[in-house]
Amino acid sequence: MKREGKKLFSKLTAAVSAAAMTFSLIPANVSADTADTAAVQCVGTSDFEDGIGKPWKVLTYSSASAVYDVKDGSYNIKILSHGNGDRSDLQFRHEKIHLEEGHTYKVHWELESTEEGELDTYIDSLYDMTDDDFVYDSSNLIWRNNKDSFPEAWTVVKIEKGKNSFDSTFTANRTIDDAVWGFEFAHSWKYGQFEAFPTDTVLKFDNMSLECVTCGECTDSDKITCGWDKEDELGVVTPRSDVRLNQLGYYPYSVKRATYATSTEKESMDFQVLDEKGNAVYKGKTQPLGFDTEAEEYCQIIDFSEVTAQGKYTIRVDDTENTYTNKKSGRQYEKYVSHEFTIGNNIYKGVLSDTMNSLYQSRSGIDIEEKYITSCDDEKNKAKLAHKDFYEVDEAYLQKEWQEPYSYYYQSSADKKTPIDVSGGWYTDEFMTKDIVAGANTVWLLQNMYEMSLKNGTADKWADGKTMNVPENETTGKSAPDVLDEARYELEFMFKMMVDPEKDSIWGDKYANFVYHNVENAYFYDYRETYKNPEKLEKVRVVTPPTYAATFDMIACAAQAARLWKGIDKEFSEKCLANAKAAWESIMAYREKWDVAAYRSTRSEIDTAFTPDNGMGSLDYSVRDEAYWAACELFATTGDKEYYDVLSAYEGKNEEIDTDDAFGITSGFCATDFYQYSLNTFDEKNTADLGTMSLYLSDNVSAEDKQKISGNIKAAAKNIVDTAAKDTKNNYMEVPYKPYCGDFYIPYIMDFFIGYEYGSNAIMADNAVLLSYAYDATGDETFRNYAENALNYIFGRNALGISYVTGYGSYHVNDPVSYYWLNELNDSFPKAPNGVMVSGANGLISDYYSQGTLIKYNERGGTQKKYADSVEAYSVNVMAPQWQAALAWDMSFFEDNVKSEPSAVTTTTNTSTTVTSVTTTTTVSSEGLKPTKSGDANCDDSVDMGDVVLIMQSLANPDKYGVGGSDKYALTEQGKVNADVDKSSKGITNNDALRIQEFLLHKVENLSK
């Protein structure tokens, strides 16, 4: 059988579909044992009555295509085209079925067809199937075409127009853990000339049953070996609680808000915050906001910022009828009760360490050893996580020109005479690609995280073994910060990827010291087969041509490393700077080719040899931002005028954004090449922000330029905050993000897209980096709060109520896409370690698995729910090192900046000082003052979310943010008068903050009335 294609958007023209479900707070008296006493069902879904298609899925290959959905209790497939001649070009199948040798099974299936035709159906081991479907050892046949023996099994099943029903039995002749039940119906026979069904035929599958009679008759439950696990959610996610919050918790003096999300509109309700003993420590009312289009829920805000005491809590909403029962497991959940969360100073304990450990486990060129795996508490799984490197020696052949990946020309364009050693670095995707651009983005974040720690005086946390555990502690003999050691592992690989004219007869003559773009496989490897049958795989690796982007990215990272390693390892520091300068000199000789206008209409207008397709249907049309980044890093390290002249002349890609030039920050719409209407800052193709942020930390930058940089950082961060706050239809989770909105052409499907995009979690994590810089530059708590909101979303305050980081939260993801963490498919593989953040919700679904969960990417709205937790869901569940690094950066920053102990409010008597609770209202009068602008609490002559935040901070922590507080941005007497907009009570209360929010949402026309 053929393998699925590699890249994210390679199948966007295929039809797609899905649905969702899961579970939550489990009553102790509910039994999950609902097994059929007559037989044990071995498939995950039989009747499709609940609208769930998984684990059944439709596969299309070659030019074959179909559209499909689950509706009216059947799985419906409409054939659009039949492919190039293989019957297997159209398939409907169910995987991961367990069969036990000697057990007897009953098979039943029904099919209603609009036309007569024929198909081939089989039950066998997925990994025993070959590209030649008819090459079978008859002694090993399990079941085929309702038969279990030859020659009868060769006869295809005839399908009549209308309803068809089939029954058969068989006895398994061997045990199989990963059997597949499949149907193939593109053509009438292998390489046949005739179509199995006419075009536009609709096939409706229903009542698909595979029951083990032997296990059904067994009276000893310990001996029942067959049957689908009723707890297997099939990667489909349904919130276990409708109180959506950060499942890890909140800092004592942070703004603490949750969203109560329901499918129907409801009035304001009472809620309570309960401590571990069930005592109510706070009571309040929810604030209805309306319908969130992308969350596809009616949302109400729960504000509990006044709870500051450290401890464990839950929130209970007075909506006791809101329960959910999992039909398969029988578990019932009280969705009006939140997951348990913590209020404290160490809510993210372990996340930074575990997130960094995932980078070690992504290393190429070494065996992954158990003693360095610190992100797994399960000793058995830790042993599985340790493994030999896939390539004993990672050698690859130079590619002569850019070609479409995995095509004949792609493979033949490689010079297979002399391979080069490309060992080392990180695998940057599930196909063991090692991409320089992704690696550089990661290296910068790690090194910048360390540089920010130096600024904050907390760099000692990176001392050997303190936060991380890496082999360099034992192998180098030098004491270096562990985070720099991890970044160095990728840097050394980058240096191997520099064009060496003595070894490269293709590119060496003209492009010495340029950097090859990546290393990848010449042939597509199905990750399910990678480790199961490695001897069958052709391990041919290709080094793609050098590019401007890869070269500039290496220069930037090497120059950045040079200043950080100075004083730690002089020799390596000098090596980094020498490589950066050599590559800079080489690439500047081609300036007239790369220093050109940002946008072009066709690929022919650019230097095609050096501008690769990034595998997602888009090109990096401009490398000016990469050149700016490289110049910034060289100047920050050397202070040389040569680099300053280049960076100061930079003109950004986007004329519409004032801050997108030298010393600027790109933030807002039209910010990227591909996601042209995204609200994000930096990514792999938009790197100017990285250079500006490095300049912010540099002592070589003048005071005048520093002022520009700080101002631009603030302006860009404010743009993110204001844009997010004004999104009154899609952002009741209050995240620093706005759904993609713009042209996105998919033939016959759509020409315009609105919704969450690929890597939405990563965009939020990256935006949190910029917001944290803005907080560092200004001290404005609004920026810190919105950075926290990004983390709140990632750890559970989202439409699915799930933590997108493995191992963290009561209800978290488990199965990120991986080349090795394949336990979902086979128990012999490990589960993913803790601390892995996945890409997240994405309205542009393209993988077969997510399509099989019936997520429809061509439907508007609800894209925050378009996610499936499976190693096969590569549209939504990908892990990438640069995203891990962004999460690590955020964790490190908050460790350094939001760890203050709670301050008590004291009242003094004649004999003692006693601690009292923080008051919930401020009633001090300000005689003689009148509002200058109603709602303008921070007196900046505008009414926005910053005013809401300041009001809540003044209530939660009056010593710091109340009138006369210690913070320089504390509430003033005038601000207090401006903030008092709720006329139902005197003084400032939470109702004032809520009324301002209603004003921002256009629910209140005037704050002065």
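This is a predicted model: local features need pLDDT of at least 70, side-chain atom pairs count only at pLDDT 80 or more; totals for chains, interfaces and linings use all residues.

Biologist: Fine. In what order do the five strands of the open sheet come?

Modeller: The order is S14-S23-S20-S16-S17, and the pairing in this open sheet is mixed. Strand S14 (249-250) and strand S17 (280-285) are the edge strands, each of them pairing on one side only.

Biologist: In which sense do S14 and S23 pair?

Modeller: S14 pairs with strand S23, residues 341-343, in the parallel sense, and two bridges link them. As for individual residues, Gly249 has Thr342 of S23 as its bridge partner.

Biologist: Switching to S15, is that strand mostly covered or open?

Modeller: Strand S15, which runs over residues 257-262, is mostly covered, with six of its six residues buried. In a regular strand the side chains alternate between the two faces of the sheet. Here Arg257, Thr259 and Ala261 point one way, while Ala258, Tyr260 and Thr262 point the other way, and all of these residues are buried.

Biologist: And which strand is joined to S15 by six bridges?

Modeller: That is strand S19 (residues 297-303), which runs antiparallel to S15, and within this pairing Ala261 stands opposite Cys299 of S19. S15 is also joined to strand S13 (residues 243-244), again in an antiparallel arrangement, through two bridges, with Tyr260 of S15 being the bridge partner of Val243.

Biologist: Now helices. Why does the end-to-end distance of H16 agree with what its residues should span?

Modeller: Helix H16 (residues 760-778) has 19 residues, and at 1.5 Å a residue these should span 27 Å; its end C-alpha atoms lie 27 Å apart, so the two values agree. H16 is also mostly covered, since 18 of its 19 residues are buried.

Biologist: What follows H16?

Modeller: Gly779 follows H16, and its phi is positive, near 75°.

Biologist: Which residues does Asn792 touch?

Modeller: Leaving aside residues up to four places away in sequence, Asn792 touches Asn246, Tyr250, Tyr348 and Arg797.

Notes: Residues are numbered from 1 along each chain as its sequence is written. Side-chain values use heavy atoms; hydrogens and water are left out. Two strands pair if DSSP finds at least two bridges between them. Helices (H or I, at least four residues) and strands (E, at least two) are DSSP runs, numbered from the N terminus. Contact means heavy atoms within 4.5 Å. The expected span of a helix is 1.5 Å times one less than its number of residues. Buried means under 20% relative accessible area, exposed over 50%, partly exposed in between (1.4 Å probe, protein chains only).
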